[in-house]
Amino acid sequence: MELICPKCRRAGEDTIVQFPLKAGRMIRSEGDFIIEGFLECTNDTCLETFPIVEGVPIVLRDFTAWWRTEKDAFSHIKCRSAEMDAYFESLKENDHRYFRDKSRLNSYIDFHYSTPPDRPDFMAHQADPRTYWDILTEAGRPAENSNYKRSLDLGCSVGRYTFALASFSEFSVGMDLDFNAVAYAAGLQRNIHQSFERKMHGSCFEAAEVFFEFPCNVFFLVADALDPPFSAGDFDVVAGLNLLDNVKLPLVLLGQMDALLASGGRLILGTPYEWRTDICELNQWLEKDGLDAAETLKRVLEGKMLPGMGLSYKILQERPRVPWILRNHTRYWSVFLVHIIAAEKR
């Protein structure tokens, strides 16, 4: 899987000028997995380096700015080499967010890989996440007797759908801006199972474990879905679950997903349209001409709205209200109704 340097990529007169990354100094490995090291840009006028931490490459145009914002939320960085320690110590610290982000991370691990034992009786018939995952797995299933060459799960969180797509693909890529989530997914791939802490109440957590069958043909990285480090048409399927309403520019995200998808490829979107003004300005929400976001999205994909984007998709499957039930703690559960679409790029 060739990664492209986001630092020096630019649009030329007739084409996009881009340079691949190469392996630089590799500091620590475990079996076939590189745990610590650096990737380097092959452009002699750039030579930007991107760190690999806990087995996860972090490939961002402005890594330092991202690090200043995210550093104190990290719970998975465990550098064992003096060189990597020195690298991260040279970057500035920020305010602590550890407890909040630990709670959120463990809620996603719980949803992706287990069925919480304390779900309330009145939602017992709905709270099993396998219904949600079964629907998404079916949405990603290719035509009979065929497989994808490459699949991409944008906003992969802790990786459940990335692993699911791997069963249909020669190679499956999971990508997210949340280092802790991606590091956990990469750790699952290396270690088969891992523990996590299920929040019970307040600051009280209870140990739990994940046991899941993890395929080997998976690669995880930290990168920006609005500036992905891949070449156009690299993937046969591109998924974005609960991502469209969690980026600054939803239409730019759709354009990037379309660019990464090969002709005839499959686009999979799952969104509750829970817009937040601290992430996305009101005028960017996909609610145009009095239509709700679900109808707007379908019309944009089909080329009936905003034709200047050049999108042309055939809707293959649609499920308008799939329950996504996220456990925060034993007395606090969040319920979202997700709109799921599978579409084919014409």
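These legends describe close-up views of one predicted model.

The model is predicted, so local features need pLDDT of at least 70, side-chain atom pairs count only at pLDDT 80 or more, and totals for chains, interfaces and linings use all residues. Residues are numbered from 1 along each chain as its sequence is written, and side-chain values use heavy atoms, with hydrogens and water left out.

**View 1. The whole protein.** The protein has eight helices and 15 strands. These are DSSP runs numbered from the N terminus: H or I of at least four residues for helices, E of at least two for strands. The C-alpha atoms fill a box of roughly 60 × 55 × 45 Å along the principal axes. The radius of gyration is 20 Å, which agrees with the value near 20 Å for a compact globule of 346 residues. That radius is taken over C-alpha atoms, and the globule rule is 2.2 Å times the number of residues to the power 0.38. Of the 346 residues, 52% count as buried. Buried means under 20% relative accessible area, exposed over 50%, and partly exposed in between (1.4 Å probe, protein chains only). Among contacts with a separation of 6 or more, 64% join residues 24 or more positions apart. A contact means heavy atoms within 4.5 Å.

**View 2. The second largest pocket.** Its volume is about 440 Å³. Of the 21 lining residues, Ile34, Ile52, Gly55, Pro57 and Phe219 are the closest to the centre. Two or more lining residues come from each of strand S3 (21-30), strand S4 (33-41), helix H6 (179-191) and strand S11 (218-222). S3 gives the most, with four residues. The lining divides into 15 nonpolar, two polar and four charged residues. Ala, Val, Leu, Ile, Met, Phe, Trp, Tyr, Cys and Pro count as nonpolar, Asp, Glu, Lys and Arg as charged, and the others, Gly among them, as polar. On a 1 Å grid over the protein atoms alone, a pocket is an open set of points with protein on both sides within 12 Å along at least five of seven lines; a cavity is a set where a 1.4 Å probe fits but cannot get out; lining residues have an atom within 4 Å of a point. Points are joined across faces, edges and corners, and a volume is the space filled by probe spheres set on them.

**View 3. The second largest cavity.** The model has three cavities of 30 Å³ or more. By class, the lining has one nonpolar, four polar and five charged residues.

**View 4. Lys199.** This residue lies in strand S9 (residues 193-201). Lys199 counts as buried, at 15% relative accessibility. Its side chain reaches the backbone oxygen of Gly202 at 3.5 Å. Not counting residues up to four places away in sequence, Lys199 touches Phe99, Ser103, Cys204, Phe205, Arg327, Asn328, His329 and Thr330.

**View 5. Two loop residues with positive phi.** Leu47 has a phi of about 55°, although it is not a glycine. Leu47 lies in the loop between S4 and strand S5 (49-53). Leu47 is exposed, at 51% relative accessible area. Ser157, also not a glycine, has a positive phi of about 55°. Ser157 is found in the loop between strand S7 (148-154) and helix H5 (160-166). Ser157 counts as buried, at 12% relative accessibility.

Methods:
A polar contact is a pair of N or O atoms within 3.5 Å; within protein, one must be able to donate a hydrogen and the other to accept it, and residues adjacent in sequence count only if both atoms are side-chain atoms.
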